[in-house]
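Here is a brief report for a first look at the model.

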Amino acid sequence: MSGEYTTIYHGTNAAFNVVELSASKEQRDFGRGFYTTSIFEQARSWALNMNLRYGGGKYVYEFSFQPSAALRVKTYDGLTPEWLNMVKENRLRGGIQHDYDIIIGPVAND
């Protein structure tokens, strides 16, 4: 996972200039972290959802990201039993229940 830049998006209800992982919410699918998508419309939907739930604005941030071979990456190619166990552990325990820098995969649609 290295080489070319890829465009990723983050949808939120809060304006920010610096990514603060301490501001992330607990008990999310892949643990506390900064969630992004390669799909602009999905990020826009996240921003609208956050705005409806908590107020604030509707912001979609765009980032250019260059992957690095030094990063520990886990990829889930679908809703597998391993993926389900990851989501379950992170939602039940909170914090981060893994050793990866990046997780690529679907998020649960409750």
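On one side of α2, Pro81, Leu84, Leu92 and Arg93 are exposed. Exposed means over 50% relative accessible area, buried means under 20%, and partly exposed lies in between (1.4 Å probe, protein chains only). Helices (H or I, at least four residues) and strands (E, at least two) are DSSP runs, numbered from the N terminus.

This is a predicted model: local features need pLDDT of at least 70, side-chain atom pairs count only at pLDDT 80 or more, and totals for chains, interfaces and linings use all residues. Residues are numbered from 1 along each chain as its sequence is written, and side-chain values use heavy atoms, with hydrogens and water left out.

Which residues of α2 are buried? They are Trp83, Met86, Val87 and Asn90. Seen down the axis of α2, these buried residues fall within an arc of 95°, so they line one face of the helix. The arc is taken from the directions from the helix axis to the C-beta atoms. Strand β4 (102-104) is included in what covers the buried residues of α2. Contact here means heavy atoms within 4.5 Å.

The length of α2 also fits. Its 13 residues (81-93) should span 18 Å at 1.5 Å a residue, and the end C-alpha atoms are 18 Å apart, which agrees. The expected span is 1.5 Å times one less than the number of residues. Gly94 follows α2, and its phi is positive, near 75°.

## The core

The largest nonpolar core has six residues: Phe30, Tyr76, Trp83, Met86, Val87 and Ile103. Helix α2 gives the most to this core, with three residues. Such a core is a set of buried Ala, Val, Leu, Ile, Met, Phe, Trp, Tyr and Cys residues joined through side-chain atoms within 4.5 Å. Tyr76 touches Phe30, Glu82, Trp83, Met86, Ile103, Ile104, Gly105 and Pro106, not counting residues up to four places away in sequence.

## A buried histidine

His10 lies in strand β1 (residues 6-12). His10 counts as buried, at 12% relative accessibility. Its side chain reaches the backbone oxygen of Tyr35 at 2.7 Å. Among the residues that His10 touches, leaving out those up to four places away in sequence, are Phe16, Phe34, Ala43 and Phe63.

## Salt bridges

How many salt bridges does a search of the whole structure find? The search finds six. A salt bridge is a side-chain nitrogen of Lys or Arg within 4 Å of a carboxyl oxygen of Asp or Glu. The table includes three of them.

| Pair | N to O distance |
|---|---|
| Arg32 and Glu26 | 3.4 Å |
| Arg44 and Glu41 | 2.7 Å |
| Arg72 and Asp101 | 3.1 Å |

The pair Arg72 and Asp101 links distant parts of the chain, 29 residues apart. Arg72 is in the loop between β2 (59-65) and β3 (73-75), and Asp101 is in the loop between α2 and β4. Arg72 counts as partly exposed at 46%, and so does Asp101 at 41%.

Arg44 and Glu41 both lie in helix α1, three residues apart, about one turn of the helix. An α-helix has 3.6 residues a turn, so residues three or four places apart point the same way. Arg44 is partly exposed, with a relative accessible area of 46%.

Note on methods. A polar contact is a pair of N or O atoms within 3.5 Å; within protein, one must be able to donate a hydrogen and the other to accept it, and residues adjacent in sequence count only if both atoms are side-chain atoms.
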